[in-house]
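Trainee: I would like to learn how to read a core and its charge pairs. Please show me on an example.

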Amino acid sequence: MILVVLAPQVQSEIVRLSQVGQIDAKLLEEFAYLVLQSSAQKPGKTVQALKIHQLKQAVYERFNVKDTSELKKSGAFKMATDGMDKLDFHFKETWETLYRKFVGVLPNEANQYGYGCINGINVFQYFKPWQVFGLDPKSATKDDIKASYYQLSKIYHPDNLETGDRKVFEQIEAMYKSIIAGF
């Protein structure tokens, strides 16, 4: 089952439409979930995984270096990777880890679904709180963040016997704390 969360903007639009059109808000909410889940399940084109030279180039560009030798010497890279496990640059997996952490979502991992995936993001592979919470960092308010966090908490809190999951909830909680610390 794919779990999707309605963004606060969608929820407020549902409230507005239900008041203006005298339509049952629950019906509109169910429709919104139906649309989101069906769009998430549509089989699309299979996106090819990036090749190792593409991964390297993206990481080089991120740290403004020309090659792996320069990357290893880069102060910004050393500081950014401080605390990470020892990196073996011979493996594609290492470059994928660096890409995920410093560049973005790998094209073949965009719009993921399944265990640990919320709004297309695998919370165990990526620390992308804004995408997971379904919010725009430029316009979201503290109330939007709290509303999204509480909505996700209702689903993933370990006390929820049907859909609760401690590991997922811990990831959500860490993301919430990171976002809210910035306000």
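This is a predicted model: local features need pLDDT of at least 70, side-chain atom pairs count only at pLDDT 80 or more; totals for chains, interfaces and linings use all residues.

Mentor: Residues are numbered from 1 along each chain as its sequence is written, and side-chain values use heavy atoms, without hydrogens and water.

Trainee: Which residues touch the most other members of the largest nonpolar core?

Mentor: In soluble globular proteins, nonpolar side chains tend to be buried together. A nonpolar core joins buried Ala, Val, Leu, Ile, Met, Phe, Trp, Tyr and Cys residues through side-chain atoms within 4.5 Å. Buried means under 20% relative accessible area, exposed over 50%, partly exposed in between (1.4 Å probe, protein chains only). Here the largest core has 36 residues, and Leu 71, Ile 118 and Phe 133 touch the most other members. H9 (166-180) is among the helices that each supply at least two residues. H9 gives the largest share, seven residues. Helices are DSSP runs (H or I, at least four residues), numbered from the N terminus.

Trainee: What is Leu 71 in contact with, leaving aside neighbours within four places in sequence?

Mentor: Contact means heavy atoms within 4.5 Å. The partners of Leu 71 include Val 59, Phe 77 and Trp 95.

Trainee: How many salt bridges are there in the whole structure?

Mentor: Side chains of opposite charge can pair when their charged atoms come close. The criterion is a side-chain nitrogen of Lys or Arg within 4 Å of a carboxyl oxygen of Asp or Glu. The search finds two. Glu 13 pairs with Arg 16 at 2.5 Å, N to O. They sit three residues apart in helix H1, so about one helical turn separates them.

Trainee: Is the pair of Glu 109 and Arg 100 buried or exposed?

Mentor: Both residues are buried. Their closest N and O atoms are 2.7 Å apart. By contrast, Glu 13 is partly exposed at 32%, and Arg 16 is partly exposed at 40%.
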